[in-house]
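Here is a short briefing to read alongside the coordinates. Take a look at the fold, then follow the notes below.

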Amino acid sequence: VVVIVQLMAPIGLGESSILAMADLVSAAFRAVTVAPVTFKTPSIIQLPPEEVWWRVNVSIPFYFDDTN
C-alpha cells in the first residue's frame with residue numbers, strides 16, 4: 001500500500017525547485033510512525049513535463065499495524 005504525493009510546478013521555476021519540494025516531502029515521511037501507521041522509505045519519481053508543468057510523484061509505502 002502506498003501514498004502518492006503528486007507535485008507540479010511551472011516550468012519557469014526550474015526543475016531543481018520541484019525536486020527540492022520532493023526531497024522535503026520524502027524527508028517528512030521517511031521512517032515515520034504515526035500509530036498505527038508506519039511509513040517506509042519514499043521514492044521520488046520524475047515524470048515527463050506536461051504542457052507548462054514539471055511533474056514529480058513521491059511514492060510512500062506504508063503499513064498499518066492492526067494488532068490492537
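Where is the place of Asn 57? Asn 57 sits in strand 5, where strands (E, at least two residues) and helices (H or I, at least four) are DSSP runs numbered from the N terminus. The model is predicted, so local features need pLDDT of at least 70 and side-chain atom pairs count only at pLDDT 80 or more, while totals for chains, interfaces and linings use all residues. Residues are numbered from 1 along each chain as its sequence is written, and side-chain values use heavy atoms, with hydrogens and water left out.

**Asn 57**
- Asn 57 is buried, at a relative accessible area of 15% (buried is under 20%, exposed over 50%, partly exposed in between; 1.4 Å probe, protein chains only).
- Setting aside residues up to four places away in sequence, its contacts (heavy atoms within 4.5 Å) include Ile 4, Val 5, Ser 43 and Leu 47.

**Nonpolar core**
- The largest nonpolar core has 11 residues, among them Leu 7, Ala 22, Trp 54, Val 56 and Val 58; such a core is a set of buried Ala, Val, Leu, Ile, Met, Phe, Trp, Tyr and Cys residues joined through side-chain atoms within 4.5 Å.
- Strand 1 (2-10), helix 1 (15-29), strand 3 (37-39) and strand 5 (53-64) each supply at least two of its residues.
- Strand 5 gives the most, with four residues.
- Beyond neighbours within four places in sequence, Ala 22 contacts Leu 7, Ile 44, Val 56 and Val 58.

**Salt bridge**
- The count is one salt bridge, defined as a Lys or Arg side-chain nitrogen within 4 Å of a carboxyl oxygen of Asp or Glu.
- Arg 55 and Glu 50 form this pair, at 3.5 Å from N to O.
- Arg 55 is buried at 16% relative accessible area, whereas Glu 50 is partly exposed at 39%.
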